[in-house]
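Let's take a friendly walk through this structure together, with the viewer open beside the text.

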Amino acid sequence: EPKQRDLATLLRRRLPADSVQLLELLGNSGDEQGVAVHAVGGFVRDLLLDLPNLDLDITIEGDGIFFAETFGEQHGCRVRPHQAFGTAVVVFPDGRKLDVASTRLEYYDSPGVLPTVERASLRHDLYRRDFTINTLALCLNHDRFGVLLDFFGGQKDLQDKTVRVLHNLSFVEDPTRAFRAIRFEQRLSFQLDPHTEGLLRSAVRAGLVERVGGKRLMGELIQILKEQEPTLAVKRMAQLGLLPCIHTGLRFGPDSEQLFAELERVLAWYQLLYLETPLEPWTVWFLALMDRLDSPQYLEVCQRLMMPERLMERIFGHRHKALKRLQHLRQALGRGQEISNSQLYTLLHGMPLELLLYGLARSGQDELRRLVSHYLTRLAEVKSLVSGTELQDLGVPRGPAIRTMKERLLSARLDGLIASKDEELELARQLIVEQL
Ligand code: CTP
């Protein structure tokens with residue numbers, strides 16, 4: 001028998017009103033269709049920890065796809081079913097999403113859905129999950145709204161801050177759980193239960209984690225690097241022997257520690273610039289993680305992780321060039337050399353932002369950071385005001401000459417030699433005369 005607890009009051013206090021309303025609507029639909037509806041997994045875990053979590057997963061005791069389609073029709077949602085898994089994603093008009101799963105179908109002796117049979121089947125479903133803290137289920141049907149079902153001691157482990165598998169074969173069934181264990185442990189400031197840690201280490205020793213496919217491995221790594229502060233998780237990966245499962249050349253030594261700490265500062269600094277350029281911080285962390293690898297090893301990692309070509313090209317293809325340019329700037333600064341806006345622009349323009357930030361963290365030099373911030377906030381978006389057609393009208397021949405002319409005008413603008421469009425046109429005339 002599972003431990004039960006009534007969370008109706010708690011959830012009304014902790015969740016926003018529209019979330020509570022959604023839970024009630026789902027419960028009502030369940031009542032109409034005669035099926036039990038439970039919120040499960042991370043949503044319930046985070047509700048108990050009082051952490052915000054808008055990703056709702058529900059489990060239907062019966063046909064989840066039918067439930068999703070009926071619910072979707074009633075509430076104007078789009079529904080994407082996955083027949084093979086018996087799951088569906090419900091997309092609300094405002095973009096919010098809801099994942100619906102079905103418990104495994106079982107045969108019942110009686111046609112009605114008796115509570116005991118119901119729970120037996122839900123229990124079975126939850127037993128296949130990764131950790132006890134993710135096995136809690138919250139009933140949404142009206143008569144039992146807010147009743148928490150705890151089959152495997154999830155509440156106690158939440159209290160004790162413990163990440164624990166449900167059975168000894170958990171990592172064998174799914175070795176990616178090694179990464180998930182670390183992710184939850186570090187995100188929540190929990191501890192792996194010692195027996196669970198032993199099982200994890202055995203799975204690594206047996207080469208199970210090493211054999212995880214590239215795409216899945218990449219997915220897990222990205223999720224870890226997307227955490228608020230990935231440093232501790234990466235360190236833990238090193239400690240538990242997971243880094244060599246990605247590439248044998250990967251380490252997390254004292255120099256990595258320093259680089260990661262510096263990168264944390266750089267990313268915090270970057271946020272304070274409030275730029276609109278989209279940035280995916282995980283890619284910068286990834287670069288830092290790969291820092292010690294040489295080019296052939298780099299390529300091996302990308303292949304191992306089946307990294308999409310575009311991403312590889314965008315970030316990793318330009319690594320050398322970007323680092324060289326930043327190095328150049330650093331040396332110039334070291335010599336006390338003045339660097340003009342146009343020089344700075346020419347060096348940094350077109351460089352992927354991720355590489356710029358990674359390079360900054362690597363250099364650890366405040367002066368360089370000041371220059372880059374000047375570039376990002378003042379120079380990166382500056383454009384010449386004169387169009388190509390206008391230059392043609394002035395007599396510049398079509399083709400590369402237009403581009404060269406525009407570059408010279410832009411340089412003059414960046415260095416503050418001209419400001420208005422008239423001045424720019426005037427300078428263009430002068431340059432044309434000089435060239436004749
Ligand atoms: N799950 C699992 N084994 C995996 C992946 C997922 O058992 N390899 C289970 C977990 O119990 C989890 C649920 O599937 O609670 C949903 O997975 P996911 O959305 O990845 O987990 P969340 O707990 O919601 O994690 P997060 O807070 O990071 O979204």
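A crossing of two helices is called right-handed if the near helix is turned clockwise from the far one by less than a right angle, and left-handed if the turn is anticlockwise. Please keep in mind that this is a predicted model.

Helix 22 covers residues 400-414 and helix 23 covers residues 421-435; their axes come within 10 Å and cross at roughly 130 degrees. Angles over 145 degrees would count as roughly antiparallel and 65 to 115 as roughly perpendicular, so helix 22 is oblique to helix 23. The crossing of this pair, helix 22 and helix 23, is right-handed. Which residues bring the two together? From helix 22 come Met405, Arg408, Leu409, Ala412 and Arg413, and they meet Glu424, Leu427, Ala428 and Leu431 of helix 23.

Helix 19 (residues 353-363) packs with helix 20 (residues 366-379) at an angle of about 160 degrees, and their axes are 9 Å apart. Helix 19 and helix 20 are therefore roughly antiparallel to each other. Here helix 19 passes helix 20 in a left-handed crossing. Leu356, Leu360 and Ser363 form the helix 19 side of the contact, while Leu368, Arg369 and Val372 form the helix 20 side.

Next, zoom in on a single residue. Ser29 sits in helix 2, which runs over residues 17-33. Is Ser29 buried or exposed? A residue counts as buried if 20 or more other C-beta atoms lie within 10 Å of its own; Ser29 has 21 of them within that distance, so Ser29 is buried. Leaving aside residues up to four places away in sequence, Ser29 touches Phe67, Thr70, Phe71 and Gln74. Thr70 is 41 residues from Ser29 along the chain, yet their C-alpha atoms are separated by 8.3 Å.

Finally, step back to the whole protein chain. It holds 23 helices and 10 strands. The C-alpha trace spans about 95 × 50 × 40 Å along its principal axes. The radius of gyration of the chain is 29 Å, whereas a compact globule of 436 residues would have one near 22 Å. Buried residues account for 34% of the 436. Among contacts between residues at least 6 apart in sequence, 65% join residues at least 24 apart.

Technical notes:
Residues numbered from 1 in each chain as written. Predicted model: local features only at pLDDT ≥ 70, side-chain atom pairs only at ≥ 80, totals over all residues. Axes fitted to C-alpha atoms, helices over the stretch in contact; angles between N-to-C directions. Helix = DSSP H or I, 4+ residues; strand = E, 2+ residues; numbered from the N terminus. Parallel < 35°, antiparallel > 145°, perpendicular 65-115°, else oblique. Contact = placed C-beta atoms within 7 Å. Rg over C-alpha atoms; globule rule 2.2 N^0.38 Å. Buried ≥ 20, exposed ≤ 12 C-beta atoms within 10 Å, placed from the backbone.
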